[in-house]
Amino acid sequence: MAIELNGKIPDGPLEEKWDRHKAKIKVVSPANKRKFTVIVVGTGLGGASAAASMAEMGYNVKSFCIHDSPRRAHSIAAQGGINSTKNYPNDGDSVWRLFYDTIKGGDYRSREANVYRLAQCSASIIDQAVAQGVPFAREYGGELANRSFGGALVSRTFYARGQTGQQLLLGAYSALMRQVDEGGVELFARREMVDLVVVDGKARGIITRNLVTGELERHTADAVVLASGGYGRVYFLSTNAWNSNGSAAWRCHRRGAAFANPCYVQIHPTCIPVKGEQQSKLTLMSESLRNDGRVWVPKTRQDSLANAHNIDVSKRDYYLERRYPSFGNLVPRDVASRNAKMMTDKGLGVGPEPQRLAVYLDFRDAIDRLGVHKIDERYGNLFDIYKEITDDDPHQVPMKIYPAVHYTMGGLWVDYNLMTTIPGLYAVGEANFSDHGANRLGASALMQGLCDGYFVLPYTIGDYLGSEELKPVKTTHDAFNEAVDSVQKRVNVLLDSKGTRSGKARHTVLELYRELGLTMWDNVGMARTEEGLKSALQKIPEIKQKFEETVFVPGSSDSFNKTLELGMRVHDFFEIGELMARDALHRDESAGGHFREEHQTAEGEALRDDEDFSYVAAWEWKGEGKEHELNKENLVFENVKLTQRSYK
Amino acid sequence: MNLTLRVWKQDGPDSAGRLVDYPVTDIDPNASFLEMMDILNEQIMKEGNDPIEFESDCREGICGTCGLVINGQAHGPKRAVATCQLYMRDFHDGQVITVEPWRADSFPVIKDLVVDRAALDRIISAGGYISVRTGPKPDANATPIAKDKADHAFDMAACIGCGACVAACPNASASLFTSAKVSHMALLPQGQVERSRRVKRMVDQMDHEGFGNCSNIGECSAACPKKIPLESIARMKREYLRAVVIPNDAS
């Protein structure tokens, strides 16, 4: 049975939809709010802001995080900035322009109404953050400073040095901790959501694993909000944190929530290149560096081993400036990444032999123009990070950079209210699919997480809580028992594998995780082909089977056990990876970050097929061992005209 | 590189701990310290034994999750970095490296190198915020803030909450951590309204958690991955005194 995908887009002109919707939806009275309990899973920008805002309104909120503290959520690592339509630089920015840039940047694969609302709320986010004491960068006159990011011709990005995510998260975290103090939020740290509990077709609770004692705990609620981030770590190597994972979302998917556009993955163009087989994660160099840094490779392969500063300007190819004169180095991420790959595929890369997988990001001209002091003020901490990792000083030699997995645009399908296909289950931030289409613009993830959490969900959840009849549910309900049993079975798969029982590792979790990651990167990465995707669909289940039979997980399930935690997440990654490959194979077009080599323009740009693929692919779980079913939400564009994206 | 790791192993908060020697072989000098620990754990598990439990997350020095005392120093021998930003090229072949958890009564050991730092969250919960609700706010540019003041507030707000200051302090004081948040907010106009209440509640909570007092040794600042200066503790003490002398919040 197919899922009904009703986006619940409000009627009326684009600019009035959100106001009209807010005027129409149900409001829960202050006296009744305290009767409702809402579970929020995750404490990043989306989760912390949603939990704090709902508690302020009067709801009982239970907040869960897998870390020892809510402040560690991976939003903390976002560097460059947050977009907003404030138009302080007076360069002609507007709600319409941010909306248009985002729709176009996403290669026309997102919903108009959601994106417009995001642009409308973006100004309030900056006001809110400043009121919380977030120390954004300022000019000498005391006003807020802005810089430029990719895919835009205006400077609309607010920042706090290269630590914008940290400062915004600490703002949301402080609001959350205030509610903990006031009793509105009950905080559960070191808890991992391992299943969703659905009663009478509605989300009514979760099962968590206490990561210290291993106990499986039952929590009831009237609604569940998933703010658990993306699934980029399916590739093993990525800029995502070690604990980031897709399991909470995947468990919801298996309980009936449709998973939308899983193949849309952002490969960020400016990361520090892979340096060896022992590497555990990749580090991003903020997109803001492309404000002043110039990307180039030598024109000939002979020169690619020479010392960069000895290569004469006439022998350098500033390929982004050459190919995209109006956007130059600030083209969107998918375009910049693809171009870097084109250069290294031609053998013009500058990394270590034999692959030479890197291009230059050069600050020499910017330092000549602005001086070292100004450059350090803008990017000092990024230069420090680069030097710590590579032992090279970007003041002296150009950075070497290469694309790496960074963000997933796909996620749980949600309607305009951010509700998934399971009534009472919501998804915010990177965990949902809603706003970025096939490619997210830089500095828009922080904007979306906070927009969802501060300004959208706290209103829209009232519409559900105020209109549904929610009978009390006990943790002894059969649905809870069944969920706990199913989690226990999954734990036992790892603890009873032949690898574990033999007492000696046949394969460690990391060995098989790396194997999955490489398969994903090679076949479901920056360039995809029918042949490669079919081979991934064959290989992934094979590795999964090998994992189930031979993996070694030490220790027990009733204690602190990092290997078991990781093992359970990797176990889910096999299924997530498989669905990503299936989605990528079915989407027989190129769009944004999804680049099918079969579909490109003569210049090598992504070639969409609007006739056949202008829809959201929402995949439905049909049961263990059965194929997913594809459901389609057609994308309707009433306000923008679909064209081939051009940044020339 | 070949090394010997002398690692603290402890089953739980109430168990006795001990140092255990592990040989580690074939390490790339460009591997990070935590990657070296991963490799060691892989070697241990290949033999069917229990790995060394330690924590990390972002592995780029911003989340504050990792934290090891390496050869007696919180976050190891290099200044102004977190443990995850140490590289093996900072050590030498054949070295014996001692690895221990943060040591403080207020940070009970959970297992091996993992400690419970929830006390730091409770200090923030006691007042490390500006009490504003989500909702309409004045325009962000309505109150100009001098650039040097905003920059200074940022320097204080850069704290990652790792707890190295506590681990480095002979008194296990959380003064640098607490003062960083007190300073961040005391420096900004938004933070003025609750200035007295904030510092009193946070300092009281810090004492309540059992952290020691500051005696101006300065190890905290030397170990801090974000270079929070000792000056912030002086500011906290001044703010506290001010709050006691002028009990209402009018500033």
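Buried area here is the accessible area (1.4 Å probe) that two parts lose on being put together, summed over both. For chain B and chain A that comes to about 6500 Å², with 48% of it on carbon and sulfur atoms. This is a predicted model, where local features need pLDDT of at least 70 and side-chain atom pairs count only at pLDDT 80 or more, while totals for chains, interfaces and linings use all residues. Residues are numbered from 1 along each chain as its sequence is written, chains are lettered from A, and side-chain values use heavy atoms, leaving out hydrogens and water.

**Who touches whom**
- Counting contact as heavy atoms within 4.5 Å, chain B puts in 77 residues and chain A 80 residues.

- One salt bridge joins B:Lys147 to A:Glu377, with the closest N and O atoms 3.9 Å apart.

**Chain B's side**
- Helix 3 (147-157) of chain B is among the elements that supply at least two residues each to the side touching chain A; helices (H or I, at least four residues) and strands (E, at least two) are DSSP runs, numbered from the N terminus.
- Helix 3 of chain B gives the most, at 7 residues.

**A strand in chain A**
- Strand 11 (residues 265-271) of chain A has 7 of its 7 residues buried, meaning under 20% relative accessible area (1.4 Å probe, protein chains only).
- Strand 11 of chain A pairs antiparallel with strand 15 (residues 399-408) of chain A over 5 bridges; pairing takes at least two DSSP bridges.
- A:Val265 sits opposite A:Thr408 of strand 15 of chain A.

Conventions. A salt bridge is a side-chain nitrogen of Lys or Arg within 4 Å of a carboxyl oxygen of Asp or Glu. Buried means under 20% relative accessible area, exposed over 50%, partly exposed in between (1.4 Å probe, protein chains only).
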